[in-house]
Amino acid sequence: MRRVLVSVLLATGLAGQSAAHRLDEYLQATLIGLTRDHVELEVNLTPGVAVLPVVLAAIDRNSDGWISPEEERAYADQVLRDVALQVDGRPVPLRLVESRFPSPQAMSEGLGTIRLRLRADRAGRDLRFENRHMRAVSVYLVNCLASPDPSLLVGKPERDEAQRSIRFAYSFADAYGTRPEPGWPARGSLWLAGIGILAGARLAWQRTNRRQAQ
Amino acid sequence: MNRIGFLVAALACGLAHAQSTSGVPATIVARANAFLVSLDEGQRSRVLFDYNDAAQRARWSNLPTTMVARAGLKMGELKEPQKAAAMALLAATLSRRGYEKVLAIMEGDETLKSESGGRGGMFGKDLFYISILGKPSVKDPWMLQFGGHHLALNITMVGRDGILTPSLTAAQPAKYTVAGKTVRPLGAENDKAFALVNALDEGQRKQAILSYKVADLVLGPGQDGKTIQPEGLKASAMNAGQQAMLLDLVSEWAGIINDQAATARMADIKAKVADTWIAWSGPTTNGMPAYYRIQGPTLVIEYAPQPLGGDPTMHIHTIYRDPTNDYGKKSAAR
């Protein structure tokens, strides 16, 4: 359990730290890792010293000046509720794999980063992620990690202007072999669409033949 | 040493280096050993680390050393001859342009110290650290680290190669005056980038300019070994002149290392230029704050104005990486 002397730290921290680092924003940076069977998110949360009272109020729920493991877990759960992952258009539950909270002293100086690792045991071809956590005071980064697996194909991502959300198509190249250039839709999606069109055409042709035979 | 004296000494070291370019590795090893000889035993034990000390390798940041502790020897605790030996080692390791850039970043931090009044204790030239991982050698790999607030140079010497990744250069203030002369430590990184984005045609700019804001470095300190999906405009869609401008911009980072190592590095980057991307976020008028990222198979560069302490154009963070060879791991394994 860590002791947080919130008022003292804020008084000392706010005074002289603004020139060096984040001040009045809560930086929320998410990196999305893709594998063949799951999606993993690294969410790094860095409160600036000026917004620290807001963030600490959300962590130190009972305002007793302490951040307990239970309060850490409760805050991580709050973040989990505030982010949303969809795979192939369907909401996918995320679970907390790991959390690391910085020392209160580090947070008071605006350089402490809360690190959360989240995972969804689902894979698909279309991913959408949105972060709605503490929107009023936050700035966001969200990016898809390049995979050590060279067969990963990722289409051009779409984001909102503030980077609260991202959507992109992805797949692994086994079925079609070649890697599309980033910035273009994943070639896998085009293959699937093509197969679907051909299957539909074949079905229609068979029905037409049956009607003619009758 | 006063500020003008510091710059004069710096220039002298740079000239000395320029005259000994042909024997760079031997010069570097000799200067490293001269620096180590200048130290007492206690200092030597604090400046030297095992080559495979992973914690020390990663002990760097954009933040002041009073907030994120560095290890090694602090410039402020060295005697003048020891400091001169340390700076001579750095001058031999870097190009003249790179060395001057480093000095300008340090001088900027000194300016920040004087401008911060009583709160300036976390800034200044005395708070930069030097450390050596491994034993300086012409043939065996070793590392030189030099950095502090807004600077982190991680230089791996592998035979005749010098690997500068990952390294962080930054500036606050990004423009200041010394002895009546205006200094912009990262001015070329800014001006060349704006020149490039304005040399693109409308269709190219549409691809290069991202539709979203980028608030900070994506692959800054603590993100070793990671890389993200590239976005923006691919250089294969640029003409030869635009590609040359892109490479010239990249050389502002790749050319920090000594000329021999920089030449090899630039040749590698040039060979892969068609697979290199540039992404831009923000206005395209020089003087306005804009983020950009250059990314290739062996390259990540980010340039990020910081909205901290006032005007974002006066506070810049940059990162330079080779995700395939950070800390020279690939080169050392050969």
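The following legends describe close-up views of a predicted model.

The model is predicted, so local features need pLDDT of at least 70 and side-chain atom pairs count only at pLDDT 80 or more, whereas totals for chains, interfaces and linings use all residues. Residues are numbered from 1 along each chain as its sequence is written, chains are lettered from A and ligands numbered from 1 in the order in which they are written, and side-chain values use heavy atoms, with hydrogens and water left out.

**View 1. Overall fold of chain B.** Chain B holds eleven helices and 14 strands (DSSP runs numbered from the N terminus: helices are H or I with at least four residues, strands E with at least two). Its radius of gyration is 19 Å, close to the 20 Å of the globule rule for 334 residues, so chain B is as compact as a globular protein of that length. The radius is taken over C-alpha atoms, and the rule is 2.2 Å times the number of residues to the power 0.38. The C-alpha trace of chain B spans about 60 × 50 × 35 Å along its principal axes.

View 2. Of the 334 residues in chain B, 60% are buried (under 20% relative accessible area; exposed is over 50%, partly exposed in between, with a 1.4 Å probe and protein chains only). Contacts (heavy atoms within 4.5 Å) between residues at least 6 apart in sequence join residues at least 24 apart in 66% of cases in chain B. Carbon and sulfur atoms contribute 55% of the accessible surface of chain B, which comes to about 12,300 Å².

**View 3. Two cis peptide bonds in chain B.** The bond joining Thr165(B) and Pro166(B) is cis, with omega about -5 degrees. Pro166(B) lies in the loop between strand 6 (161-163) and strand 7 (167-171) of chain B. A cis bond also runs from Gln172(B) to Pro173(B), with omega near 0 degrees. Pro173(B) occupies the loop between strand 7 and strand 8 (176-178) of chain B.

**View 4. Positive phi at Ser63(A).** Ser63(A), a residue other than glycine, has a positive phi near 55 degrees. Ser63(A) sits in the loop between helix 2 (52-59) and strand 4 (66-67) of chain A. With a relative accessible area of 62%, Ser63(A) is exposed.

**View 5. Positive phi at Met134(A).** Phi is near 45 degrees, a positive value, at Met134(A), which is not glycine. Met134(A) is placed in the loop between strand 9 (126-131) and strand 10 (138-144) of chain A. Met134(A) counts as buried, at 19% relative accessibility.

Definitions and conventions: Areas by Shrake-Rupley, 256 points an atom, 1.4 Å probe, with all protein chains shown as cover.
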